[in-house]
There are 2 protein chains.
Amino acid sequence: MDLLIELGALAFASRMKRMSEIGMQSVADVYQYYGIDFEAKYFPLFYYLSQKGEASIMEIAEVLKVTHPGIIQIAKELEKKGLIISKKSAEDARKRNLKLSKKGKILLPKLQKIWADVKAVNADLFESRKHNILIALQELEDAWEEKSYLDRFKEFHHLS
Amino acid sequence: MDLLIELGALAFASRMKRMSEIGMQSVADVYQYYGIDFEAKYFPLFYYLSQKGEASIMEIAEVLKVTHPGIIQIAKELEKKGLIISKKSAEDARKRNLKLSKKGKILLPKLQKIWADVKAVNADLFESRKHNILIALQELEDAWEEKSYLDRFKEFHHLS
DNA sequence: CAAATTTGCGTAATCACTTACGTAATTGTT
DNA sequence: AACAATTACGTAAGTGATTACGCAAATTTG
């Protein structure tokens, strides 16, 4: 008996988490396959810097929708590996700006090639299905933004 | 600019995790709304025991697809709250069996009512969409089981 | 323009798991 | 029956994020 199926929507959160962990591990496997010293968790920050050039801690945290201590931690690791550098902003002394280091810029093309391949495999894995999980996820995120779960719940109770 | 959209499948794992956290918090809100001292993370274990009656640590871990130390931790909390009890198995002295306590059984009907309501709200939230995330998730879990991500990746490379 | 508020960052503690490892009980092998 | 291998459980430490809190710099406002 697969209890997880029986639980259905109620165990949704755990299943999402497990799936996300599998996803992270999968990307880790790919980096290892290429013998590249890069972790899946670095991707959002590193990718954003590769596009934006330079950005402050808070800006990155907001765009990537994580908390700023999370960015600080990942930035610390990437800085230790020499892939990014940071310096105080000239315009605003509160801000610390991050950008790719020379070493990071050298690594970038290799990573971009991997990312492109990952994207292609993902396209096959995700987009070729009748129920597209990426679209489904986006719809759910939008629905959540529009009205909180508890509000939906209360509404349901007034009706029933 | 919404980077998360641009990232698409590549940031899939982080989005899954975030969504799962929102889901967990939502259920927590509902318990609080009812003034019930129960946490979202208890659900899988408590629900399984309510169905199965009695089960060992490892059995639960396998069914719920988490590691056994995870079960031990949650069981510890539930035991402290007096909602479950545990005793060494008579047949196998290595095993420790868990089951609902009297207090747990008294709480159960209230929880079942909440779970039923949550399920109804979820049905509206999840199933009424064009792209059903539960089905999509199931499809993805099945696909993953069938062939690992790295294998897909390698296959893609041999072809390209 | 001084005081109050807000913003950006950093550290510490916490959380819900995990992996790693050790011990005791059971099972399998000869 | 002895010994090896496996299984069940427990503890400790690690992970990748979070919340809570504090300080310093910038901005707002009376």
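Visitor: Hi! How many residues does the contact take from chain B and from chain A?
Guide: Chain B brings 68 residues to the contact and chain A brings 68 residues, where contact means heavy atoms within 4.5 Å. This is a predicted model, in which local features need pLDDT of at least 70 and side-chain atom pairs count only at pLDDT 80 or more, while totals for chains, interfaces and linings use all residues. Residues are numbered from 1 along each chain as its sequence is written, chains are lettered from A and ligands numbered from 1 in the order in which they are written, and side-chain values use heavy atoms, with hydrogens and water left out.

Visitor: What area do chain B and chain A bury between them?
Guide: About 7,200 Å² is buried between chain B and chain A, and 74% of that is on carbon and sulfur atoms. Buried area is the accessible area (1.4 Å probe) that two parts lose on being put together, summed over both.

Visitor: Which elements of chain B touch chain A?
Guide: On chain B, the elements that give two or more residues to that side are α1 (3-7), α2 (12-33), α3 (43-52), α4 (57-64), α6 (102-127), α7 (133-146) and α8 (149-159). These labels come from DSSP runs, numbered from the N terminus: helices are H or I with at least four residues, strands are E with at least two.

Visitor: And which one gives the most?
Guide: That's α2(B), with 16 residues on the side of chain B that touches chain A.

Visitor: What's that side like by class?
Guide: The side of chain B that touches chain A has 42 nonpolar, 10 polar and 16 charged residues. Here Ala, Val, Leu, Ile, Met, Phe, Trp, Tyr, Cys and Pro count as nonpolar, Asp, Glu, Lys and Arg as charged, and the others, Gly among them, as polar.

Visitor: Nice. Now the DNA: which residues are closest to DNA strand C?
Guide: M58(A), R94(A), R96(A), K41(B) and T67(B) are the closest of the 21 residues that surround DNA strand C. A residue is near a strand if one of its heavy atoms lies within 4 Å of it. Of the atoms of DNA strand C within 4 Å of the protein, sugar and phosphate make up 63%.

Visitor: How far is the side chain of T67(B) from a phosphate oxygen there?
Guide: An N or O atom of the T67(B) side chain is 2.4 Å from a phosphate oxygen of DNA strand C.

Visitor: Which elements supply the surface near DNA strand D?
Guide: α5 of chain A, along with α4 and α5 of chain B, each supply at least two residues of it. By class, that surface has eight nonpolar, five polar and seven charged residues.

Key: A polar contact is a pair of N or O atoms within 3.5 Å; within protein, one must be able to donate a hydrogen and the other to accept it, and residues adjacent in sequence count only if both atoms are side-chain atoms.
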